[in-house]
Amino acid sequence: MKQRRIALTVLLLLPPAFTAPSLMAQPASIAEAQSEPETDLLAKGAYLARVGDCEACHTVAGHKPYTGGYIFHLPMGDIVSGNITPSVRYGIGSWSEKDFARAIRKGVLPDGRHLYPAMPYTSYALITDEDIHALYVYFRHVTAVDETPSQKSALKFPFNLPGLMTGWNLLNARQHPFTPDPGLDEQQNRGKYLAKGLAHCSTCHTPRTQILGENMNQYLAGTYVQNWHAPNITSDPISGLGRWSNDELAAYLKTGHADGKAQAGGPMAEAVEQSFHYLSNRDIEAIVAYLRTVPPIRVQGQKSPAWAVTEPARAEHWEVIEAGQGKADQSDYRNTTTTEGATLYNTNCASCHGISGEGSKDHIFPSLTQNSAVGSHDPTNLVMAISDGIHRQDIDYRTVMPAFSRDNQAIHNWLTPAQIASVANYVTTRFGKENANLTAAEVTHITSRTENDVPFVVRNAALLTISALLVGLVSLACLIRWIVRHSRSP
Amino acid sequence: MAKEYDADVIIVGSGVCGANVANELAKKGKSVILLEAGPNLPRWKILENFRTSGRHYDRNNAYPNNPWAPTSNKPGYIVNTGEFREQPGLLKLVGGTTWHWGGATWRYIPNDFRIKTLYGVGRDWPIGYDDLEPYYCRAEYALGVAGSDTEDQSGQHPGEAYPRRSQPYPIDTEELIYSNTLLKEALIPHGHSVVHEPTVRIHKPYDGRPACQGNNNCDQVCPIGTLYNGSVSADHAVRNGAKLITEAVVHKITKGEGNKIKSISYLTPSREEHTLTARYFVLAAHSFETAKLMLMNNIGNSSDMVGRNLMDHVGLSLFFLAPQPVWSGRGPVQQETIMTSRDGAFRARYSANKHQLANNNPQIDIARQALEEGLMGKELDERIMDWSARMMNIYSFLEPLPDPANRVQPNPDWKDALGLPGLKVHFTISDYVKQGADRIREEYKNITRLMNGKIVRITDEFENHDHLMGTMIMGTDASDSVVNHEGRSFDHPNLFIASAGVIPAAGVINPTLTAAAMAIRSADIIAREV
């Protein structure tokens, strides 16, 4: 490990000219994009752009599509997405199809500058030449907008060092345009192409290494993304999706909601809303077929799936609460300090999810039994759903579960971290696996995880780089001394 | 440089009017202090209070009624001296009295602004519909209103979208519940106008609020936060930089140079006094309490009109049995509205009206009546089952005219825990309204007949509907009006009133949206001057 770290930091120090050959942008030729009837190609490109969810990261709400400006707040600094409209001055209007392919698949711009892997080029590397062509034709035809995002990417030291990404790419960007896997059937291969490539499932669902590359030994085994937990989606029957039906998986991808299994929140809600929702049933089915073939990874010690709690439990203390003693002119009427889970559940949750956690019969309000967020050993998504709410635009209806944290609430209703912990504990005790022992501090940790859970190497990168530089200089000095000495020897 | 003022603008009251003024000014980068006499409570606590109260028909009982900030439930706080008992459901907490309301958010129609010119009664507004129209739009988007862009809301322009709108409603209309479809089918072929009520009880999510799921509890507290109330805008204001101070009971207003308001003072529950200065002041403390505060301090009253011209949409109600089960009490508390008599030449002689089909759960009233009739055992059970399925309820508003004799004043004979006076209200119902009520009774018979129903009861006594207008009346003439068309005091150039109390002609529609639109308009004017 240590050796690899040093290898990386040495790579960082190589001069830019050595690592990033600068190519002059070739004037783009529309002619090369004319072999198929153009409307079909355009439609195909538009569809593929949906699968790749390009718009989500290259558009800021209230601005024109694909004009960029979306800011990724990462431990390494802020990364700002670019304008990918065909504007010659500010967008990709001067790019040739080759330039386009290189940027998407390799993360290298026509001028040789490197993109950062907030752009999922490690996955997009799988895109075939044919699909690159359709995407290129599509992006030549979106409305050109002559504006540039007001903010620029600003990485902290040492991530702003030239050459860094070349080294990183050598270690992490190792995929090539897709070739069918002879061990899979046609549908599974289509699914694999989409899931590993454009749909970039792995970007969120595969744990990362110390240097933030995807850890392929843990492919799709689940990890944390924007404070939420992107669950294990391997074929494991206990920890993964092995016991979900095809229909449930398809419904989840199409609508963000699988009855009796799970509901999409946070970044997955966005992915459903902006991407999966638009996929053809055939492609959804293909992705499902492929996910079945992903090697199972079991969470050690897990005995049953997160959604597998089936017995609805009646809320306790209900009768006690009903009896009541409140009087409007007494301080009880404005005392909001309780951390009693039953009281908080009944006044914050039960109006929609039912006093027994049963949800509504039409499942618009999900049950809390048979619910992955509640039954999971990891309370992250339960806490995040309570704290941030669920916001999803589905096919049939829009879904809003209001947020309950003081900062995010929108209905004049809030809970303190201690109250979120106690309501989450009540819910997991009554409707989950009785693994309730959350504290206020843990709730705060979960809701601010992006700032806390940064790999050691990334967190200490500046120090490590300087150390490596010193080690390098000392080694170099030793080496020179050794050479000088040996050259003097007879 | 020493700080000259504590804030650019100080706003008294965090209900729908005050909170919207605060949010508009905070959005524009003004420094804002928002004062609220009551506490700041999360919704769940109010829901807990509601459930524990055991008095579910008392819509005020879930809310704190603090000795230093009483609600209208406090015995002695409101004393009536007129023939009519004007007892509104006034609340004191962040968000104000919209914590419990039906959510009706109508616009006035152009003729409502010109009732004196057109019909020779009441007072004209100092502005017209077109002046207010852009602000109606902004209020509808601030509150999140669901409404129909295609219907005639006046009853006078069949087939036309009326009144004119420059922007669509932010949310479309929901599907009709069964009883409302029956009403439409029965009435429209006979010349009645039956239209969607614009509402902030929304059937699609908006601004982080979830879609309505039919708890049928708007009149007490919405348990899931679908129904807009002023606290939504107060929270926006705070996130946009406004400073909210709660349990701050404003009692003193001081004048300075040029008749400008110089400072206001408030008392905490423990009677500590704090004084704050600002360039501009906005009073948004309810039609009663704002008038009381002005009269206590002799502010803005050169016309002697503060507290006078009190208007409310008093009305009647009809209970009838439909021939078939309609199951009132499922879903929204109100939906369709009969606008047949909203406007017309008859307004020269008697009051217009609006009929609202209520969809509240009728069982307690049914059981009470059955017990009073002496029903017991099986008969009682059958009555409750049968009538609960078939009972329908319509309640109606009448249009009051401004009369200076109808008024609210401080009541020095009653004092709250801080030693501040209570409210003395004098309200009588005019012949204009009473004749309108006679017409309502005829219409009730007609509606019941068209529905093939059987009348159970038409109320004898007028009911109040909490729509308190006129007490800080708006006009063109400083000698008979408290504020001008901007909502600005004629006496104090840096004092504005944001309240339904400025409304000079009441029409027959719920006034909250108009009050919010006027508040946003005033905020724009203030923002240009501070």
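Five bridges join strand β9 (residues 317-321) of chain B to strand β12 (residues 391-398) of chain B, and the two strands run antiparallel. Within this pairing of a predicted model, B:F319 stands opposite B:N393 in β12(B).

- The strands β9 and β12 belong to an open sheet of six strands in chain B, whose order is β4-β10-β11-β12-β9-β15 and whose pairing is antiparallel.
- At the edges of this sheet lie β4 (194-196) and β15 (454-458) of chain B, each of which pairs on one side only, and the twist from one strand to the next averages 30 degrees.
- Helix α5 (residues 178-187) of chain B packs on the sheet, where it touches β4, β10 (334-338), β11 (353-358) and β12 of chain B; the direction of the helix makes about 10 degrees with that of β10(B).

**Helix α7 of chain B**

- Because eight of the 10 residues of helix α7 (residues 287-296) of chain B are buried, this helix is largely enclosed by the rest of the structure.
- The buried residues of α7(B) run through B:S287, B:F288, B:E289, B:T290, B:A291, B:K292, B:L293 and B:M294, and they pack against five strands of chain B, namely β6 (249-255), β8 (273-283), β13 (407-415), β14 (421-426) and β16 (495-497).
- After α7(B) comes B:N298, a residue whose phi is positive, near 50 degrees.

**Chain B as a whole**

- The secondary structure of chain B comprises 11 helices and 16 strands, and buried residues account for 57% of the 530 residues in the chain.
- A compact globule with 530 residues would have a radius of gyration near 24 Å, and the 22 Å of chain B agrees with this expectation.
- Taken along the principal axes, the C-alpha atoms of chain B fill a box of roughly 75 × 50 × 45 Å.
- Of the contacts in chain B between residues at least 6 apart in sequence, 75% join residues that are at least 24 apart.

**Where chain B meets chain A**

- On the two sides of the contact, 36 residues of chain B meet 26 residues of chain A.
- Both α2 (43-53) and α6 (230-239) of chain B supply at least two residues each to the side of chain B that touches chain A, and the largest share of that side, nine residues, comes from α2(B).

**Confidence and a loop residue in chain A**

- Chain A has a mean pLDDT of 85, with 87% of its residues reaching 70 or more.
- A:D378 is placed in the loop between α17 (372-375) and α18 (380-388) of chain A, and A:D378 is partly exposed, since 17 other C-beta atoms lie within 10 Å.
- Although 72 residues separate A:D378 and A:A306 in sequence, their C-alpha atoms are 9.2 Å apart in space.

Note on methods: Residues numbered from 1 in each chain as written. Chains lettered and ligands numbered in written order. Predicted model: local features only at pLDDT ≥ 70, side-chain atom pairs only at ≥ 80, totals over all residues. Pairing = 2+ DSSP bridges. Helix = DSSP H or I, 4+ residues; strand = E, 2+ residues; numbered from the N terminus. Axes fitted to C-alpha atoms, helices over the stretch in contact; angles between N-to-C directions. Contact = placed C-beta atoms within 7 Å. Buried ≥ 20, exposed ≤ 12 C-beta atoms within 10 Å, placed from the backbone. pLDDT = per-residue confidence, 0-100. Rg over C-alpha atoms; globule rule 2.2 N^0.38 Å.
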